[in-house]
Amino acid sequence: MLYRPKIYTNYNIINGGTKSRLSSACYPIQCAVVNSSNAIIDRRSANFEPSIWSFDYIQSLTSQYKGEPYTSRVKKLERDVKKILVEMENSLAQLELIDTLQRLGISYRFENEINSILNKKYLNINNPNYSDLLYAIALEFRLLRQHGYAVPQEIFNQLKNEIENIKKNINGNDIMGILALYEASFYEKKCESILKEARIFTTECLKNYTIMISEQKKLMIDNDYDYDIEVVNHALELPLHRRTTRTEAKWFIDAYAKKQDMNPMLLELAKLDFNIVQSTHHEDLKHIFRWWRHTKLGEKLNFARDRLMECFLWKVGIRFEPKFSYFRITTAKLFELITVIDDIYDVYGTLDELELFTKAVERWDVKMINELPEYMKMPYLVLHNTINDMVFEVLRDQEISINIQYLKKTWVDMCRGFLQEAKWYYSGYTPTLEEYIENGWISVGAPVLIVHAYFSHANYNHTVTSSKEIFECFEHGYYPAIIRHSAIILRLTNDLATSSEELKRGDAPTSIQCYMQEKNVSEEEAREHIKFLINEAWKEMNNDVGLYPISLTEDATNFAKMGFFIYQHGDGHSSQDNQSKQKISSLIIEPIPLYT
């Protein structure tokens, strides 16, 4: 939520110099005369900077990792790793390899083998044969739940004595088991008290461990836990279950290289794969930047955020694999359109204009363009054409017909949500937290992007159109629960990152301000409550796993995870500070050196 425009009578003009109600020293204003000779629209500006990523720079991106000799080398490494994976006799080592492949970002190359191994593990879940029981069971539990297996939390009951002993005397030898249990605990579903208690206990243990190692370093005591402490601190910052594969892979490749018993073959494959996949992302980027230039929206709507690169970053985090180019290209375009339309509602439009735009989206008729203000015509037409093009492309390439009404509904709902926020702002109304969230999970834009993402997968997976449960949701005008839970997480993580700045600017209230006013509590207390709600939404989303098609589940959960990545240290979507630039450069622009 950003600066919103107001319409007022300009007393400087009418009353011979009487002070106006708003001071342009506080808020930059762009004035435009409208129908009434006495009325002036003062359109506030959020002072968004132009994109730092130029068209020419993006088109100039090249990669040495396209084609030979790297393709052949990767295929050779892939065959060797696959052989090791399937022929492993040590059950725990096999689980560890799967975990390492996932964290290195290359598990997609071994999807069938991993699924087969985990299925066997699940069938023998009640007959564990591990020496390091806590570590092994926690790792196995996390991997199985991650892949949709309904493993009961009661499996940890057999570890009560071991956990009690650790509580009495923690040492470095126990730390990987505690870390494994900590990571597993974030797969907690509603009413799972064992996992809740495990998270509390392991969090305390890990924090105490970091303090112990820190004290040892001060005393210059040698220890062999450098890798361990790095992964522990990383986990305490954000658990694996809240990180996406691509963003984790970039960090873990560097960390794994420092591990004493790392496998050089895995490291080489991970680096080569990262760079080869990145070259695919370059081609995707070039495509969407050509599209954006063709629309000329960036030139004509200089009040709005031009954040196409940031939108693409979201999509790389959600689906990085080469085969999902169509997903990345299509949904990055849609994300930029959402960003522009959000700024029309938040920054530039008057309430009357916003009602007109909402009506036009509801009608979904190009003839409505004649009723819109001049600056709204282009974004409306680009939106209309982009959605129609998506439906056409899936029909042309896959002979699958998408009901455009499903897609249209998401845009209508979002624009109505934007309009509701504008009405609250103009009336000076602060909604209750419940009112805010009920509107906010729609207006954050996640339902639009997740629903369109789901249908974009028709280009790879024909079963998309055969999911009866999903279509029953759409036919009856509601969204699958997993979309709602993902959107709530995204809405609230956004608020935690941007609320303070928005409050300084006098913007409409976020969830934090709504709760502060409703409960008469401090900002710190409100933030803690919002974090609690995020955790509750994650539990609900963990419950949703297995209820919906895998593609929808993965998109929804990865969207929520990217919310943490983008907003962890501020507004990574709108800001173009050094940290945001570095995130983009390291994931999308710069290859990983093969040899250091």
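E283 is partly exposed, with a relative accessibility of 35%. This residue belongs to one of the charged pairs of a predicted model, and the side chain of E283 meets that of K286 in a salt bridge. In total, the structure holds 34 salt bridges, whereas a search of the whole structure finds zero disulfides.

- The salt bridge between the side chains of E283 and K286 has an N to O distance of 3.5 Å.
- Both residues lie in helix α12, which spans residues 264-295. Because E283 and K286 are three residues apart in this helix, about one helical turn separates them.

- Side chains of opposite charge can pair when their charged atoms come close.
- E438 and R484 form a salt bridge through their side chains, at 2.8 Å from N to O.
- This pair links distant parts of the chain, its two residues being 46 residues apart. E438 lies in helix α19 (residues 433-443), and R484 lies in helix α22 (residues 481-505).
- E438 has a relative accessible area of 40% and is partly exposed. R484 is also partly exposed, at 26% relative accessibility.

**The pair K539 and E536**

- In the salt bridge between K539 and E536, the closest N and O atoms are 2.9 Å apart.
- Helix α24 (residues 523-544) holds both K539 and E536. They stand three residues apart in that helix, about one turn.
- Both K539 and E536 are buried.

**Cysteines**

- A disulfide is a covalent bond between the sulfur atoms of two cysteines.
- Zero disulfides are found when the whole structure is searched.
- C191 is exposed, with a relative accessibility of 77%. This value places C191 in the exposed class because it is over the cut-off of 50%.
- C514, at 1% relative accessibility, is buried. The value for C514 is under 20%, so the residue is assigned to the buried class.

How values were computed. Residues are numbered from 1 along each chain as its sequence is written. This is a predicted model: local features need pLDDT of at least 70, side-chain atom pairs count only at pLDDT 80 or more; totals for chains, interfaces and linings use all residues. Side-chain values use heavy atoms; hydrogens and water are left out. A salt bridge is a side-chain nitrogen of Lys or Arg within 4 Å of a carboxyl oxygen of Asp or Glu. Helices (H or I, at least four residues) and strands (E, at least two) are DSSP runs, numbered from the N terminus. Buried means under 20% relative accessible area, exposed over 50%, partly exposed in between (1.4 Å probe, protein chains only). A disulfide is a pair of cysteine sulfur atoms within 2.5 Å.
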